[in-house]
Amino acid sequence: MLYKIEFTCPVRGHHIYKDCWAPVIGEKLHYKPDPREEARTYDKHALGVYKLVEGEHVLVGHVPIELSRLLTFFLTTDNEKRKD
(Lines give C-alpha, C1' and ligand atoms only; values in the text may rest on other atoms or scores of the structure.)
Protein backbone atom coordinates (compact mmCIF):
# COMPACT_ATOMS: atom_id res chain seq x y z
CA MET A 1 0.00 0.00 0.00
CA LEU A 2 1.43 3.39 -0.96
CA TYR A 3 0.62 6.75 0.52
CA LYS A 4 1.48 10.22 -0.67
CA ILE A 5 1.65 13.09 1.77
CA GLU A 6 2.33 16.69 0.87
CA PHE A 7 2.95 19.47 3.36
CA THR A 8 4.69 22.79 3.70
CA CYS A 9 7.55 23.26 6.16
CA PRO A 10 10.85 25.09 6.38
CA VAL A 11 14.10 23.40 5.38
CA ARG A 12 16.68 23.42 8.16
CA GLY A 13 20.31 24.04 7.22
CA HIS A 14 19.56 25.11 3.65
CA HIS A 15 22.21 27.84 3.94
CA ILE A 16 24.89 25.10 4.11
CA TYR A 17 23.80 23.75 0.72
CA LYS A 18 23.43 27.10 -1.06
CA ASP A 19 26.16 26.15 -3.55
CA CYS A 20 23.98 23.39 -5.01
CA TRP A 21 20.47 24.75 -4.39
CA ALA A 22 18.59 28.04 -4.28
CA PRO A 23 15.16 27.79 -2.61
CA VAL A 24 12.14 28.49 -4.81
CA ILE A 25 8.71 29.15 -3.32
CA GLY A 26 6.37 26.25 -4.10
CA GLU A 27 9.18 23.89 -5.14
CA LYS A 28 8.47 20.23 -4.37
CA LEU A 29 11.25 18.41 -2.57
CA HIS A 30 11.53 14.87 -1.20
CA TYR A 31 12.67 13.64 2.17
CA LYS A 32 14.12 10.38 3.38
CA PRO A 33 16.31 9.24 6.28
CA ASP A 34 19.79 10.77 6.19
CA PRO A 35 22.19 7.86 6.81
CA ARG A 36 25.22 10.05 7.44
CA GLU A 37 26.76 9.77 10.93
CA GLU A 38 27.19 13.54 11.23
CA ALA A 39 23.46 14.10 10.67
CA ARG A 40 22.54 11.55 13.36
CA THR A 41 24.83 13.33 15.86
CA TYR A 42 22.35 16.22 16.07
CA ASP A 43 19.10 14.37 15.36
CA LYS A 44 18.79 10.58 15.68
CA HIS A 45 15.74 10.75 13.39
CA ALA A 46 17.47 12.99 10.82
CA LEU A 47 15.54 13.29 7.58
CA GLY A 48 17.35 14.80 4.65
CA VAL A 49 15.52 17.02 2.18
CA TYR A 50 16.43 16.18 -1.40
CA LYS A 51 15.96 17.78 -4.78
CA LEU A 52 15.87 15.62 -7.89
CA VAL A 53 18.65 16.81 -10.23
CA GLU A 54 19.26 14.92 -13.47
CA GLY A 55 17.79 11.73 -12.01
CA GLU A 56 19.76 11.89 -8.75
CA HIS A 57 18.64 12.98 -5.29
CA VAL A 58 20.82 15.86 -4.05
CA LEU A 59 20.79 16.72 -0.33
CA VAL A 60 19.71 20.37 0.16
CA GLY A 61 18.84 20.50 3.88
CA HIS A 62 16.94 18.71 6.63
CA VAL A 63 13.44 18.46 8.01
CA PRO A 64 13.21 20.48 11.27
CA ILE A 65 14.05 18.41 14.35
CA GLU A 66 10.57 19.04 15.75
CA LEU A 67 9.06 17.16 12.78
CA SER A 68 11.69 14.50 12.07
CA ARG A 69 10.63 12.13 14.86
CA LEU A 70 6.98 12.20 13.83
CA LEU A 71 7.72 11.76 10.13
CA THR A 72 10.21 8.95 10.83
CA PHE A 73 7.43 7.14 12.68
CA PHE A 74 5.22 7.29 9.59
CA LEU A 75 8.06 6.26 7.27
CA THR A 76 8.95 3.20 9.34
CA THR A 77 5.49 2.01 10.42
CA ASP A 78 4.38 -1.21 8.80
CA ASN A 79 0.91 -0.15 7.69
CA GLU A 80 -0.06 -3.71 6.77
CA LYS A 81 0.06 -4.72 10.45
CA ARG A 82 -1.88 -1.71 11.75
CA LYS A 83 -5.61 -2.03 12.27
CA ASP A 84 -7.67 1.15 11.85
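1. At 24% relative accessibility, Glu-27 counts as partly exposed. The label partly exposed sits between buried, under 20% relative accessible area, and exposed, over 50% (1.4 Å probe, protein chains only). Glu-27 pairs with Lys-51 in a salt bridge, with the closest N and O atoms 3.1 Å apart. A salt bridge here is a side-chain nitrogen of Lys or Arg within 4 Å of a carboxyl oxygen of Asp or Glu. Lys-51 lies in strand β2 (residues 47–53) and Glu-27 in the segment before β1, so the pair ties together parts that are 24 residues apart in sequence. Lys-51 is also partly exposed, at 26%.

2. A word on the basis. This is a predicted model: local features need pLDDT of at least 70 and side-chain atom pairs count only at pLDDT 80 or more, while totals for chains, interfaces and linings use all residues. Residues are numbered from 1 along each chain as its sequence is written, and side-chain values use heavy atoms, leaving out hydrogens and water.

3. The overall layout comes next. The protein has two helices and three strands. Along the sequence they follow the pattern β-α-β-β-α. Helices (H or I, at least four residues) and strands (E, at least two) are DSSP runs, numbered from the N terminus. Of the 84 residues, 26% count as buried. The accessible surface comes to about 6900 Å², and 57% of it belongs to carbon and sulfur atoms. These areas come from the Shrake-Rupley method with a 1.4 Å probe; for residues, only the protein chains shown count as cover.

4. Where does Asp-34 lie? Its place is the loop between β1 (30–33) and α1 (37–42). Asp-34 is buried, with a relative accessible area of 0%. Its side chain makes a polar contact of 2.7 Å with the side chain of His-62. A polar contact is a pair of N or O atoms within 3.5 Å; within protein, one must be able to donate a hydrogen and the other to accept it, and residues adjacent in sequence count only if both atoms are side-chain atoms.

5. The structure holds three salt bridges. Asp-34, Arg-36 and Glu-38 are linked in a network of them. Arg-36 meets Asp-34 at 3.0 Å, N to O. Arg-36 also meets Glu-38 at 3.0 Å, N to O. Arg-36 is partly exposed at 28%, whereas Glu-38 counts as exposed at 52%.

6. His-62 lies in strand β3 (residues 56–62). It is buried, with a relative accessible area of 8%. His-62 and Val-11 are 51 residues apart in sequence, yet 5.6 Å apart in space, C-alpha to C-alpha. Beyond its neighbours within four places in sequence, His-62 is in contact with residues including Pro-10, Tyr-17, Ala-39 and Val-49. Contact means heavy atoms within 4.5 Å.

7. Which residues make up the largest nonpolar core? There are seven: Val-11, Trp-21, Leu-47, Val-49, Val-60, Val-63 and Leu-71. Such a core is a set of buried Ala, Val, Leu, Ile, Met, Phe, Trp, Tyr and Cys residues joined through side-chain atoms within 4.5 Å. Val-60 is in contact with Val-11, Trp-21 and Val-49, among others.

8. The surface has a nonpolar patch of Leu-70, Phe-73 and Phe-74, with about 310 Å² of accessible area together. Patches are made of residues with over 30% relative accessible area and no salt bridge: like charges are joined within 9 Å, nonpolar side chains (Val, Leu, Ile, Met, Phe, Trp, Tyr) within 5 Å. Phe-73 lies in helix α2 (residues 65–76) and is partly exposed at 46%.
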